[in-house]
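Thanks for coming, everyone. Let me put the structure on the screen, and then I'll walk through it piece by piece.

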Amino acid sequence: MGAVSYHENHYFCKMNNNRDSSNRSGHLAVYVKAGGVDTLVIDDDGYRHSSIEVDQALISPDKALEEAVYMTPWLLGDFSRIDIIASSPRFTLVPEQLADDATTVAAIADRLWPDRGDDTLETDICGCAVGLISVFDRRLSGFVGRTFTRATLHHRLSPLVNFFTSLSRPVNRVKLYAHFSGDNDLDVVALNADGPLMANTFECRDTADAVYFIMAAVKDCGLDALDDEVIVCGNTERATAATEKLRLYLNSVMPLLLPVSDSGIPIELLYFTK
């Protein structure tokens, strides 16, 4: 076993801190990420966030999730709904009408990833009118299928896009969200009144890389540097450093304001509280 630690971070609403977690029901959302697993339990009493830290250098995402289940067996409780969120480098956005057809989705995946073999194909609808097709390593999808009942596997960009879409639907304008995730990743999501224009993740070595990718997205998505908004969130240190540079080129660069009680919850999970 790798090194594992468990932290119950937040209690919300009317949740009883002393309740027996083995008897939980409701909705379970699990985000498998570098360094561990975050969970969110949502029921009639509110929602509770927990973090399970794992030595990610020693184990793959499926092993991280296995370690989390070993450490916190209440994850195997009788939940009415289970969503598992994870990363995959193999994903693409397509019009919703294509995402609704399984044969078309398979044909797109075969063209983009001809060597995918028996790795698992998943499709999500993001925002409105856009589908996200992704391929997950069969070891992760196999463990999810064997371990959890009624579980759905999502690419992590799907709840991000849906969360940003839920905040506000811009009318006749473009809004761009820059989400600094972990130490190196940058998620860029651009929206207009019709839905997502762009959703992608970039690896950034430093602030200059982040500013480059954001400004490229501003140009590609047709943002007006004087009137349209760029909203930054995620890793505070990285977001603050990028904001200072971006304001040299853009008129409106603002932080995403969340309730203090939600500040420690990954945005990939916050969507499920909506």
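**A walk through the predicted model**

Start with a hairpin: strands E2 and E3 form it, with 2 residues between them. In the turn, Gly35 has a positive phi of about 95°. Please keep in mind that this is a predicted model. E2 covers residues 27-33, and E3 covers residues 36-43. The two run antiparallel and are joined by 7 bridges.

Is E2 enclosed or open? Of its 7 residues, 6 are buried, so the strand is largely enclosed by the rest of the structure.

Next, an open sheet of 3 strands. The order is E6-E8-E7, and the pairing is antiparallel. Which strands stand at the edges? They are E6 (91-95) and E7 (120-126). Each has a single partner strand, so one side of each is left without a neighbour in the sheet. On average, neighbouring strands here are turned by 25° against each other, direction ignored. E7 and E8, the latter spanning residues 130-136, are joined by 7 bridges. Within that pairing, Glu122 stands opposite Ser134 of E8.

Now the other open sheet, with 5 strands. Read across, the order is E12-E11-E10-E13-E14, and the pairing is mixed. E12 and E14 (252-255) are the edge strands, each pairing on one side only. The twist from one strand to the next averages 20°. E13, residues 229-234, runs parallel to E14, with 4 bridges between them. There, Ile231 sits opposite Met254.

A quick reminder on strands in general. In a regular strand, side chains alternate between the two faces of the sheet.

On to the helices. H5, residues 157-167, packs on this sheet. It touches E10 (175-181), E11 (185-192), E12 and E13. Its direction makes about 45° with that of E11. H5 also lies across E6, E7 and E8, running at about 5° to E7. Among the buried residues are Leu157, Pro159, Leu160 and Val161.

What does Ser158 contact, leaving aside its neighbours within four places in sequence? It touches Asp124, Cys126 and Leu132.

Phe163 and Phe164 are also among the buried residues of H5. Ring pairs link these two and Tyr177 into a cluster.

The crossing is right-handed. From H6, the contact is made by Thr207, Val211, Ile214 and Met215. From H7, the residues are Ala241, Ala242, Lys245 and Leu246.

Look at the H6 spacing with one rule in mind. An α-helix has 3.6 residues a turn, so residues three or four places apart point the same way.

Last topic: aromatic rings. Across the whole structure, there are 5 aromatic pairs. Take Phe202 and Phe213. Why is this pair called stacked? The ring centres are 4.4 Å apart and the planes stand at 15°, so the pair is stacked; the cut-off is under 30 degrees. Phe202 lies in E12 (residues 195-203) and Phe213 in H6 (residues 207-220), so the pair ties together parts 11 residues apart in sequence.

Phe213 is partly exposed, at 21%. Phe213 has another ring partner, Tyr212. Those centres are 5.5 Å apart and the planes are at 70°, so this pair is edge-to-face. Tyr212 counts as exposed, at 57% relative accessibility.

That's the tour. Questions, please.

Note on methods: Residues numbered from 1 in each chain as written. Predicted model: local features only at pLDDT ≥ 70, side-chain atom pairs only at ≥ 80, totals over all residues. Heavy atoms only, no water. Phe/Tyr/Trp six-rings, centres within 6.5 Å; stacked < 30°, edge-to-face > 60°. Buried < 20%, exposed > 50% of the residue type's maximum accessible area, 1.4 Å probe, protein only. Pairing = 2+ DSSP bridges. Axes fitted to C-alpha atoms, helices over the stretch in contact; angles between N-to-C directions. Contact = heavy atoms within 4.5 Å. Left-handed = near helix turned anticlockwise from the far one by under 90°.
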